[in-house]
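Dear colleague,

I am handing over a structure for you to look through, and below it I have set out what was found in it. Please keep the structure open beside this message while you read.

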Amino acid sequence: MGVAIFTGMLSGVSSAALIALISRSINHQASARGLWVLSGFAGLVVVALITSIVSQVVLVRLSQDAVFQMRIRLIRQILQTELNLLEELGSPRLMASLTQDVHAISGAIERIPFVCIDLATAVGCIIYITWLSWAGLGLTAALCSVAGVTCIRFVRSGEVYLKHARDQEDQLFAHFRSTTEGIKELKLNRSRRLAFLEEEVEATARNFRNLSIQGLNRFAISSSVGKLIFFMAAGIILFALPKLITSDPHLISSYILTFTFMMLPIDNIVSNLPYISRSNVALKKIQDLGLSLALHPDPIAENVLNDNGWTRLELRNVVYPYHKDNVEDEFTLGPINLEVSRGEVLFLIGGNGSGKSTLAKLLTGLYTPESGDVRIDGIPIDNRNREWYRQHFAAIFADFHLFEKLLGFQDQHLDRKADRHLRKLRLIDKVRVQDGRLSTINLSQGQRKRLALLTAYLDNRPIYLFDEWAADQDPVFKELFYREILPDLKDKGKTMIVISHDDRYFQLADRMIKLEDGKIVSDAIVDKSTAGIR
């Protein structure tokens, strides 16, 4: 950074010195023919060119490194943040920060090298004006102060509008998500589609447009006022300064030439104010998001799973409430007391909204209980070992996500193993794996869940959790899942927690846990001999 600042300032001073030399040569034509003037001119051109290039190259590298670090830091913060907070923030807000905010900041950072060069040039010109006359410096400082105060007032006013526009953009991203995820429902109901378009999307987009116009108009006024003040400065120097200070035409021409040259870098600086202001708004958004994330850290421990033959997983008086704004009746799961043994097949049953998925996220360590303990073999799980605890699980949730590449596997035979499982999952004719990458994930929901099961197979964790996995499967593969896949995993010593509504397969469980309104109302062992529950 020091090199960039030094070379940038040197470039600006060299540019100002060129103007001084040109001015002197114009006003003293005879002496302008000297060899030293030509040598000085050539030397200053070379210095200005080289320092400008060096400064911009260094600053471009620094600015792009800053964008890179910001993106990685934000992604890392998201990955290290507790799931419940991320769900409260919502994916639209996170996506807006990862895309729009980062784009706005990177756009401003890309302009910083040129702003620095322009600023250095303007400073060099001011130094030359000071050398010409202290009175000229006073006039320049006064005019710059007036221009600066005026521009800053308009810029700050514009930032306020852009901040409100950015808030509307968060809402707009939420509507975009609703558009893509709810497209079937919108197409099937014309009234709903029109209401959504007019009352939600158009209204929010209109507010965003109007607020953006208000903000950008103030930036335009700021730029125009700045230019006007500098033109007024040139007029004052041309008409008023000779009467106030001196009537030397050579000095006046030097002022005019310097001011004219300084207009371009000043204009560039003012023109970049909207980008810098937008980046300030975006940076505040990211900082606010970062502060929110930092309040709920989820440290990533370095230790990995070493399956030491665990025997017992316990939940003791676990309570997890859902806190939502403007909701009087909040749902609370618990207190839950539950014990899971190694090698057990446990079915979680209950109606929608009974708390099954929430209990699953508590069991897997994705949610942290407000009170109570989660223990494995008597070891309490907290922030120090929660990452290690999670590595016991391979889970497929109802809202699962498929990655196009089999990530996290260090196995040179991965493709062959994956193909073997694909054949078992009856997907070998639809999907192939090459260098750990799936040939396609554009399949039906049931087939996509089978691909998720492929990843779970390869994870080879001691505990498997299936959240309504068979709900999207055809009858043949549903039968295969319950009659073959689950018993096969059990034979390998795996523990399975299955959330299911398929009552015809309940007899395949070792135990059945029934939830109602966030409470366990039944914990029964399945009697295999009578295919019932005792």
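Two strands are said to pair if DSSP finds at least two bridges between them. Strand β3 (residues 345–350) and β11 are joined by five bridges and run parallel, and within this pair Leu348 stands opposite Ile513 of β11. Please bear in mind throughout that this is a predicted model.

β11 also pairs with strand β12 (residues 519–527), this time in the antiparallel sense and over six bridges, and here the bridge partner of Ile513 is Asp523 in β12. β11 and β12 form a hairpin with two residues between them, and in that turn Asp517 has a positive phi of about 50°.

Leu508 lies in the loop between β10 (495–499) and β11 (511–516). Along the sequence Leu508 and Asp527 are 19 residues apart, while in space their C-alpha atoms are 9.6 Å apart.

A further set of four strands forms an open sheet in the order β2-β1-β4-β5, with antiparallel pairing. β2 (332–341) and β5 (379–380) stand at the edges, and since each has a single partner strand, one side of each is left without a neighbour in the sheet. Strand β4 (residues 371–376) is joined to β5 by two bridges, the two strands running antiparallel, and Arg375 has Pro380 in β5 as its bridge partner.

Turning to the helices, α12 (residues 414–424) and α13 (residues 445–459) pack at an angle of about 130°, with their axes 10 Å apart. α12 and α13 are therefore oblique to each other, and their crossing is right-handed. On the α12 side the contact is made by Leu414, Lys417, Ala418, His421, Leu422 and Lys424, and on the α13 side by Leu451, Leu454, Tyr457 and Leu458.

Of the contacts with a separation of 6 or more, 73% are between residues 24 or more positions apart.

Definitions and conventions:
Residues numbered from 1 in each chain as written. Predicted model: local features only at pLDDT ≥ 70, side-chain atom pairs only at ≥ 80, totals over all residues. Heavy atoms only, no water. Axes fitted to C-alpha atoms, helices over the stretch in contact; angles between N-to-C directions. Parallel < 35°, antiparallel > 145°, perpendicular 65-115°, else oblique. Left-handed = near helix turned anticlockwise from the far one by under 90°. Contact = heavy atoms within 4.5 Å.
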